[in-house]
Amino acid sequence: MPTHSEIRTLPYTAQQMYDLVADVASYPEFLPWCAAARIRSETPEGDARLMLADLVISFKVFREKFGSRVVLHDARKSVDTEYLDGPFKFLKSTWDFRDVEGGCEVSFFVDFEFRNVILQKAIGLVFDEAMHRIVRAFETRAAKLYGAA
């Protein structure tokens, strides 16, 4: 079961990075392997917002759609994602953002497993590089939206 965690300090505000990650509908514009995104619904849930979203992921010969339950914690600037349906046995990810001197600290964690053993083995071969590419894609998007550091 692959897991990945990463903490980076970026020259943007926590609010800017939170807004970028919370904008799930824009993922196909910049995220590797994300072919499509659809927001099913977005509703208030306590002090957070609950988003149900579908993403289509294309990787080599595989093309899979999966649904996620995304909880957006606006006040504390964190995003929690849980798998609903699709090709995974499970998927959980968390993004946390906090302002620090000169920018913000971004903390990312993901844990998942595919149902398809072949797909799991294929991603396993390139998993670390894939996760780094995803984090870099968010950094590149931030530079495009908010100006290069």
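Predicted model: local features only at pLDDT ≥ 70, side-chain atom pairs only at ≥ 80, totals over all residues.

For the salt bridges I take a side-chain nitrogen of Lys or Arg within 4 Å of a carboxyl oxygen of Asp or Glu.

Entry 1: I started with arginine 40 and aspartate 54, whose side chains meet in a salt bridge at 2.7 Å, N to O. Arginine 40 sits in strand E2 (residues 34-45) and aspartate 54 in strand E3 (residues 48-59), so this pair ties together parts 14 residues apart in sequence. Is aspartate 54 buried or exposed? It's buried, at 4% relative accessibility. Arginine 40 comes out as partly exposed, at 34%. I then checked for a network, and found Arg38, Arg40, Asp54 and Asp85 linked by salt bridges.

**Entry 2: the whole count.** How many salt bridges does a search of the whole structure find? I get 12.

Entry 3: Next I looked up glutamate 139, which forms a salt bridge with arginine 8, with the closest N and O atoms 2.7 Å apart. The glutamate belongs to helix H2 (residues 117-146) and the arginine to strand E1 (residues 3-10), so here the parts tied together are 131 residues apart in sequence. Glutamate 139 has a relative accessible area of 18%. The cut-off for buried is under 20%, so glutamate 139 counts as buried. Arginine 8 is partly exposed, at 30% relative accessibility.

Entry 4: I placed glutamate 113 in strand E7 (residues 103-114) and lysine 89 in strand E6 (residues 88-100); the two are 24 residues apart, and the pair links distant parts of the chain. Glutamate 113 is buried, with a relative accessible area of 17%. For lysine 89 I read 49% relative accessibility. Exposed needs over 50%, so lysine 89 stays in the partly exposed class.

**Entry 5: valine 79.** Last stop was valine 79, in strand E5 (residues 78-85). Its relative accessible area is 3%, so I wrote it down as buried. Which residues does valine 79 touch, leaving out those up to four places away in sequence? I listed Tyr18, Val21, Val70, Val71, Leu72, Ser93, Thr94 and Trp95. I also took a C-alpha distance from valine 79 to lysine 121: they're 42 residues apart along the chain and separated by 28 Å.

Note on methods:
Residues numbered from 1 in each chain as written. Heavy atoms only, no water. Helix = DSSP H or I, 4+ residues; strand = E, 2+ residues; numbered from the N terminus. Buried < 20%, exposed > 50% of the residue type's maximum accessible area, 1.4 Å probe, protein only. Contact = heavy atoms within 4.5 Å.
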